[in-house]
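Please look at the sequence and the structure shown below, and then follow the questions about aromatic rings.

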Amino acid sequence: MTSRYRSLPAPEGPNSLSPRRRTVVKAAAATAVLAGPLAASLPARAAAQAPAFLHGVASGDPLPDGVLLWTRVTPVPEAVPGSGLGPDTEVSWVVAKDKAFTSIVAKGSVTATAASDHTVKADVRGLAPATDYWFRFSAGGADSPVARTRTAPAADANVSSLRFGVVTCANWEAGYFAAYRHLAARSDLDAWLHLGDYIYEYKSGEYAARGTVVRPHAPANETITLADYRIRHARYKTDPDLQALHLKAPVIAIWDDHEFADNAWSGGAVNHTEGAEGTWTARKAAAKQAYFEWMPVRPAIEGTTYRRLRFGKLADLSLLDLRSFRSQQASTGSGSVDDPNRTITGRAQLDWLKAGLKASDTRWRLVGNSVMIAPFVIGSLTADLLKPLARLLDLPQDGVGVNTDQWDGYTHDRRELLDHLRSNGIGNTVFLTGDIHMSWANDVPVDAGTYPLSPSAATEFVITSVTSDNLDDIVKVPQGTVSAVAAPLIEAANRHVHWVDTDRHGYGVLDITADRAQMDYYVLSDRTDPDATAQWVRSYRTRSGTQKVERTYDPV
């Protein structure tokens, strides 16, 4: 692939039950009991191969001089994920300028052990900026698949354009990952962003596709222990479309709640029963350990995913962790959403974000943001639409228009951040958001109640789910039916919302130039079809200096 952009310093870090389930959208469905949950996380051929690379290879967090490489080796058949079995195994890696490995530029080795579930990472440095490389792993005479990766441009490079795939909310049991396949088929991605809910924690059958399990995950039980989370990550890494995308470009990922448990906060989660499911402290630690073992993510500090990457003079990307430090979600309608003592970011992370945005000398300031920051009120939806929408957003079904799991539930942090952008004249800030299982194109007003008289401090592109249920799935009507009715009402009640599609599944492609940042929205024909097609449906952009979204009529 020809060079499209022109490095990154190292990622910046900070200072260099109650309701048990999310009701209908995640309601219990047909129970699927899985035999042998450990073995189920491996392809059938595992028993015949040892060692083997059964979970693919991946790269992530590109720097100007390096990238993080990842794989998982199965040294012997019984060393299945989560088992704690299997010998220490030497795994070598090699990086080359060409796919045939005739021009090797770096190589090394690392030991895979049961203590890390036989996952390995190589943080390779000494590479050239803005350059395509190919890599593979080897162990005991077996070679992994060959993968492409790409370094970031030099920090002072004049970059003409950047292009990222953007995805979120991939529920294994609700369908196939065709979105990943279609992104993998492209040859123009510098990297891809995963904005959270890479895995889901539910037991089999609890949260599927309109109540139907398309394909059972492993383990069959809800993920609670370290072994559980390892097995679930391993199950995902057997998906051929996900493997294909990891082979094609580096990923830049953050977590949201389902990497832990539904509606997680610093001290618990809606989907966690203290005592009956152990302690939240132990469960959170297990989820984080498995995540860092199984994902090509370089944590800023141990136990967080907030960090910053730079792509020449064109853009930097601040990646947030909106679960580890947040206060418990407020009771809707209680008024406590405005409590200045409550936080979604934590003090240190918010200060880090504000300082980074102010100090940025790039044209664009991108923010990887797991939950929607633009304000949202429901408006005058009819009862048949209000109730399922309220269930999707974890709202009481009384019409109160706030989702307290989003920034709407932490208005003091949002106000402080937006005031900071305005008072310091910080423009071209674009939030890239997942979580809500809908597509949105939003201005982010300082005061939504008076918008458009109130200025917009930033813009936001929200990507729909890869497979997780959205509004038409809850109502169980044909795709597009609900959005045709609900979208105009939502947009009328939220004048900063330029577009919302409540119904479809898909992915985004973000293209950035000096003049504009544009999101192209793609939808899938059928998430339950492994051969689903993808179709472009809309594009929105924000032009440099405007802090507003506008529609454009052609994809990049």
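**Aromatic rings in the model**

This is a predicted model, in which local features need pLDDT of at least 70 and side-chain atom pairs count only at pLDDT 80 or more, while totals for chains, interfaces and linings use all residues. Residues are numbered from 1 along each chain as its sequence is written, and side-chain values use heavy atoms, with hydrogens and water left out.

Q: How many aromatic pairs are there?
A: Rings of Phe, Tyr and Trp (its six-membered ring) pair if their centres lie within 6.5 Å, and planes under 30 degrees apart count as stacked, over 60 as edge-to-face and the rest as tilted. By this rule, the number of aromatic pairs is 22.

Q: Is the pair of Tyr200 and Tyr207 stacked, edge-to-face or tilted?
A: A pair of aromatic rings is described by the distance of the centres and the angle of the planes. The centres of Tyr200 and Tyr207 are 5.5 Å apart and their planes stand at 55°, so the pair is tilted.

Q: Is Tyr207 buried or exposed?
A: Buried means under 20% relative accessible area, exposed over 50%, and partly exposed in between (1.4 Å probe, protein chains only). With a relative accessibility of 2%, Tyr207 counts as buried.

Q: Which strands hold Tyr507 and Tyr522?
A: Tyr507 and Tyr522 form a stacked pair, 5.1 Å centre to centre with 5° between the planes. Strands (E, at least two residues) are DSSP runs, numbered from the N terminus. The pair ties together parts that are 15 residues apart in sequence, because Tyr507 lies in strand β19 (residues 506-512) and Tyr522 in strand β20 (residues 516-524).

Notes: Helices (H or I, at least four residues) and strands (E, at least two) are DSSP runs, numbered from the N terminus.
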